[in-house]
Amino acid sequence: MKPITLMRTSSVFLAAAFLLSAVAGGQQVRQKAQSTKPAYDLTRDTVLEGTVLKYTENSSLPPLGAHVTVQTSSGPVDVHLGDVRFLKFNKFTLTEGSSVKITGQSLSYGQGTMFFARIVQQGGQALTLRSVNGAPLWLAGARAQRRGVQKSQQAGAL
Amino acid sequence: MKGLILYLTLLAAALEGACGGGGGSTPAPPPPVGNFSNASLKGQYAFSMSGTEPCGRTGSFFGRIGTFTADGNGNITGGVEDVNVCTGTSTLAFTNSSYSIQADGRGTLSLTNITGTTNYSITLSTISQGSIVQTDSTVTAGGSFQKQDTSAFSIAIIANGYVFDFSGVGFDASNNLVQQSIIGRFDADGGGGVINGLFDSNTAGVLSGQLAFPNGAFYQLDAAFPQSGRGTANIAGKNLTFYIVDGTRLKFLSSNLDFPEALVGDAIAQQNTSFDISSLNGPFAFLIGGGSVAGPIATAGRFTADGAGNLTSIVLDENDNANLTALPSPGGTVTGSYTVDANHFGGGTATWTDSKSGTFSFLFYLVSPTKAVFQETDNNITSDGSFLAQTSGPLTTSSIAGNYAFNWNGVSNGEDDFVGQMAVTTAATINVTGAMDFNFLDSSGIRKQFFNYPLTGSLTLGTDPTGRNTLTATTTPSPRTTYKFSAYAVDPNTTFLVGVDTSRVIAGLNTRQP
């Protein structure tokens, strides 16, 4: 290791003590500002039930991606589904007029709100789109299947 | 869609650089102008990139790091890479590979291993580094490469403090594979030992808080590839493969031991000093990218730190899957503050609140008083990148004129990656001309590659050029597309870009060429 300055040496010793306490305590407590961004909170999940009025694979309106407009008993609701390729990969196709059940929640987005789907169900098929924290699951794609994908399904040279 | 998160592997170049087909027809590009040639790419270079691969008929995140040796005559004479794809990890040696470089620094690179040939477009910002985009028919990725110091291929040279930023996909508490960012720092002892390791992880918006490295941290070189600078390590509890650029930079990728997790990133030597609140003093520009509950997100901006915990002159543009937010909001005011950890290792927090748009919060680890890795910590956002001191002004029309290598990473229908070169002149209106290659997923889900596409546009300085400037760039043939950016200058040589279109999320970096 390169020589370190006396000042740094002392800080290292101080830090060593800190690290021991950090390990024991799990983590350093920093002051953190209260985020005003919308938090996906599983306890606030609601269920939309209705019929598919409109399904758009690649919406030009934010948030970009697949949207479905669901006619519910209280009116139409625009729902963000995410990456259409993830829906297709899971052989999930929404058809206009069909009954659908969507679990998720409405969060502030832009100048208004958007209903972000966590689970979409149609007929006997259910697909989880987001984690319990609202994280998109389509990012990892087939990687999430953990070696379940056969080599032949990864196209082309590595 | 639009669902992939935005990874800014290109920012690794920023931390150093600030110091100093498929479907497309080929239009007639402007004749390349400059002093680059095949001879400019000579020696051994380490590269890193991340992107999207097809896997099981859907897009999937993947990473790639490695090294290649260019002979100055268009031949790649050797090299090896590690890839982390959805089917697993591989270490592959290159054979019979080639490259070409045009006068403007743009070029192509083909790397062949036992599985076939992968193709890339590159742009040199200098003879020592550049940007790289994979341009295969089904795969896209973006990243950077830097010349290696082959004399540094020893464990003893890794003897410093290092700050790191890894991003990719990792497991959350429910065992879902989701977006993840880990930033932190450690001291390498020159013998394979790691001490004073600290990190903060953000796993799909769930924050770990600052943690000490778990037991088992180490690094070692790989005797199987002694000429490559390849090694393995455990950093922040993650099992990684790395390549040495030199004693001040290492490139990392998750190893097979952590599969299917995949993280990509760099570690940069940390200045040997005792950091405190006064370490952050002056104006800074920043760029971060990642994902939110809505999809990809990118944010760029600037702030001024006063050395006493206060942040002022805060300006930013955020593109959250096509929802645009600009600070200060119309009629709003922004106030901010920051802290630096009492342990003096350079970690800290930054927070600012717009009176109308709310609070933005971040963590950082200082590389030096002029550089840091930067991670957003707001609800449901996993986004990271860097901030750099705004120096070496003044920023004027004449001082920004010159040639720039650029690299943009974006998401529209899928991941899109761009690499090219632009000349900026002092002309009053159309002052940008250039050409680029890009790898693009169209609305029908077909990936297409476009090469030598001319572009024209304008770079317009704002009233305060250290704040928001604007860049528009239009590709002149079909697909005629205009890309609009807010541009934040680090200095006359480096500019951070964030797209402000509502049809895509894009971020990028312009780096001046000599």
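Which residues lie nearest the centre of the largest pocket? They are A:Gly110, B:Glu318, B:Asn323, B:Thr325 and B:Ser357, out of 25 lining residues.

Some ground rules. This is a predicted model, where local features need pLDDT of at least 70, side-chain atom pairs count only at pLDDT 80 or more, and totals for chains, interfaces and linings use all residues. Residues are numbered from 1 along each chain as its sequence is written, chains are lettered from A in the order in which they are written, and side-chain values use heavy atoms, with hydrogens and water left out.

Now the interface. The contact (heavy atoms within 4.5 Å) takes 71 residues from chain A and 106 residues from chain B. The buried area between the two chains is about 6800 Å². That is the accessible area, with a 1.4 Å probe, that two parts lose on being put together, summed over both. Carbon and sulfur atoms give 54% of the buried area.

Next, the polar side. The rule finds 12 residue pairs in polar contact across the interface, both residues at pLDDT 80 or more. A polar contact is a pair of N or O atoms within 3.5 Å; within protein, one must be able to donate a hydrogen and the other to accept it, and residues adjacent in sequence count only if both atoms are side-chain atoms.

Which elements of chain A touch chain B? α1 (6–25), β1 (46–59), β3 (75–82), α2 (84–89) and β4 (99–109) each supply at least two residues. Helices (H or I, at least four residues) and strands (E, at least two) are DSSP runs, numbered from the N terminus. α1(A) gives the most, with 8 residues.

Back to the largest pocket. A pocket is an open set of points on a 1 Å grid over the protein atoms alone, where a 1.4 Å probe fits, with protein on both sides within 12 Å along at least five of seven lines; lining residues have an atom within 4 Å of a point. About 520 Å³ of space lies in the largest pocket. Volume here is the space filled by probe spheres set on the points, which are joined across faces, edges and corners. β4 of chain A, with β22 (310–320) and β23 (323–327) of chain B, each supply at least two lining residues. β23(B) has the largest share, 4 residues.

Last, the second largest pocket, at about 400 Å³. Of its 21 lining residues, the closest to the centre are A:Arg85, B:Arg57, B:Leu441, B:Ser444 and B:Gly445.
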